[in-house]
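Please look through the structure shown here before reading on.

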Amino acid sequence: MPKAHSYHARIAWTGNQGSGTSGYRAYGRDCVITIPESDGTDETRGVTGPAPIAGSSDPAFRGDPGKWNPEQLLVVALSQCHMLWYLHLSAEAGVVVTEYADDARGSMIEAPDGGGRFTEVVLRPQITIASRDMLEKAATLHEPAHEKCFIANSVNFPVRCDPVIVALRC
């Protein structure tokens with residue numbers, strides 16, 4: 001039987017500027033994203049969650065550009081999930097990764113009714129490995145990392161990966 005996991009987050013709107021949502025321009029799009037200290041399970045009992053994230057909407061939708069928006073967080077989730085699986089598979093395969101950074105980009109289109117959807121996310125990891133003899137194996141690990149990524153398996157748009165891998169020594 002598959003092992004089930006659940007995730008709990010609290011998003012609290014902080015954008016009431018005195019008159020609530022009395023008009024489209026009357027309220028801020030700000031929020032604070034937190035994780036409750038404990039949801040009562042053994043895994044979280046007594047554990048303090050991560051630092052709060054200050055969120056808003058995309059500046060195109062009257063949001064604060066100094067705060068994270070949900071579209072950015074989706075791109076981050078895809079990138080981080082791929083990275084964690086890639087590092088895991090590298091360790092299992094004997095590929096020594098010494099640096100990993102990703103310049104991920106997501107593309108979204110707006111519909112005439114104001115809605116929208118992502119059309120793709122492109123991950124562009126730049127990876128440094130310890131030795132040139134690991135290059136071929138390192139390159140093959142992106143496909144299984146993508147196949148195992150929980151987030152990539154949960155979205156209905158393409159997630160592409162265009163990695164650059166360099167070796168420290170010959």
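Asp 30, Asp 64 and Lys 67 are joined in a network of salt bridges, a salt bridge being a side-chain nitrogen of Lys or Arg within 4 Å of a carboxyl oxygen of Asp or Glu. This is a predicted model, in which local features need pLDDT of at least 70 and side-chain atom pairs count only at pLDDT 80 or more, while totals for chains, interfaces and linings use all residues. Residues are numbered from 1 along each chain as its sequence is written, and side-chain values use heavy atoms, with hydrogens and water left out.

Helices (H or I, at least four residues) and strands (E, at least two) are DSSP runs, numbered from the N terminus. Are the two partners buried or exposed? Lys 67 has a relative accessibility of 24% and so counts as partly exposed. Asp 30 is buried, because its relative accessible area is 19%.

How many salt bridges does a search of the whole structure find? The search finds four. Another of them joins the side chains of Glu 120 and Arg 160, at 3.0 Å from N to O. Glu 120 lies in strand β6 (residues 116-123) and Arg 160 in strand β8 (residues 159-161), so this pair ties together parts that are 40 residues apart in sequence. Glu 120 is partly exposed at 22% relative accessibility, and Arg 160 is also partly exposed, with a relative accessible area of 36%. Arg 160 has a salt bridge with Asp 162 as well, where the closest N and O atoms are 3.4 Å apart. Asp 162 counts as partly exposed, because its relative accessibility is 34%.

Three strands form an open sheet in the order β5-β6-β8, with mixed pairing. Its edge strands are β5 (105-110) and β8, each of which pairs on one side only. Two strands count as paired if DSSP finds at least two bridges between them. In general, strands of a sheet pair through backbone hydrogen bonds, either parallel or antiparallel. Here β6 and β8 pair in the parallel sense over three bridges, and Val 121 stands opposite Val 159 in β8. Helix α1 packs on this sheet and touches β5, β6 and β8; its direction makes about 35 degrees with that of β6. Such angles run from 0 to 180 degrees between N-to-C directions, the axes being lines fitted to C-alpha atoms, for helices over the stretch in contact.

β2 and β3 pair in the antiparallel sense over three bridges, and Ile 33 stands opposite Ile 53 in β3.

Ile 53 is found in strand β3 and is partly exposed, at 32% relative accessibility. Together with Trp 68 and Val 76, Ile 53 forms a nonpolar patch on the surface, with about 240 Å² of accessible area. Patches are made of residues with over 30% relative accessible area and no salt bridge; like charges are joined within 9 Å, and nonpolar side chains (Val, Leu, Ile, Met, Phe, Trp, Tyr) within 5 Å. Accessible areas come from the Shrake-Rupley method with a 1.4 Å probe, and for residues only the protein chains shown count as cover.

Two single residues remain. Arg 62, in the loop between β3 and α1, has a positive phi of about 70 degrees although it is not a glycine. Arg 62 is partly exposed, with a relative accessible area of 37%. Thr 128 lies in strand β7 (residues 125-129) and is buried, with a relative accessible area of 12%. Which residues does Thr 128 touch, not counting residues up to four places away in sequence? They are Val 96, Val 97, Thr 98, Glu 99, Val 166 and Leu 168, where contact means heavy atoms within 4.5 Å.

Notes:
Buried < 20%, exposed > 50% of the residue type's maximum accessible area, 1.4 Å probe, protein only.
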